[in-house]
Amino acid sequence: MVEGVPAYQCPEGHEMAFTDYAGPGYLTGYRCDLCAGHSKHGHCGGGRLRWGCRQCEYDVCFECYPKEGPPEDKFENLDLDLADALASYEQELVQIQDQVEQISPQSGV
């Protein structure tokens, strides 16, 4: 797992991590379990780096699962950031309105 990069999960629910594992069963490369691309045939440039779950021996290439991680995780955090910003803006607006109301009767506006 690369710090700061959200991970995908295998079908069994284990967190997948970047791996270039080349041990038994992977001596000639890996096969993507989603698109069936083979690294030994040049898929994804022929490299061994991919998302993998060693518990399940489940591997997914970067064409199927981008290196940046699942996109929904990025948008989930964005929604929270926007909600926080909106709440802060609304609080400031209420404070300004209160200040205007306090000033208005004195200035005759």
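Arg50, Arg54 and Asp59 are joined in a network of salt bridges, a salt bridge being a side-chain nitrogen of Lys or Arg within 4 Å of a carboxyl oxygen of Asp or Glu. The model is predicted: local features need pLDDT of at least 70, side-chain atom pairs count only at pLDDT 80 or more, and totals for chains, interfaces and linings use all residues. Residues are numbered from 1 along each chain as its sequence is written, and side-chain values use heavy atoms, with hydrogens and water left out.

**Salt bridges**
- The structure contains three salt bridges.
- Asp59 pairs with Arg50 at 3.0 Å, N to O.
- Asp59 also forms a salt bridge with Arg54, where the closest N and O atoms lie 3.3 Å apart.
- Between Asp33 and Arg31, the closest N and O atoms of the salt bridge are 3.2 Å apart.

**Accessibility of the partners**
- Buried denotes under 20% relative accessible area, exposed over 50%, and partly exposed in between (1.4 Å probe, protein chains only).
- Asp59 is buried at 2%, and Arg50 is buried at 0%.
- Arg54 is partly exposed, with a relative accessible area of 32%.
- Asp33 is partly exposed at 27%, as is Arg31 at 39%.

**Confidence**
- The mean pLDDT (the predictor's confidence in each residue, from 0 to 100) of the chain is 82, and 80% of its residues reach 70 or more.
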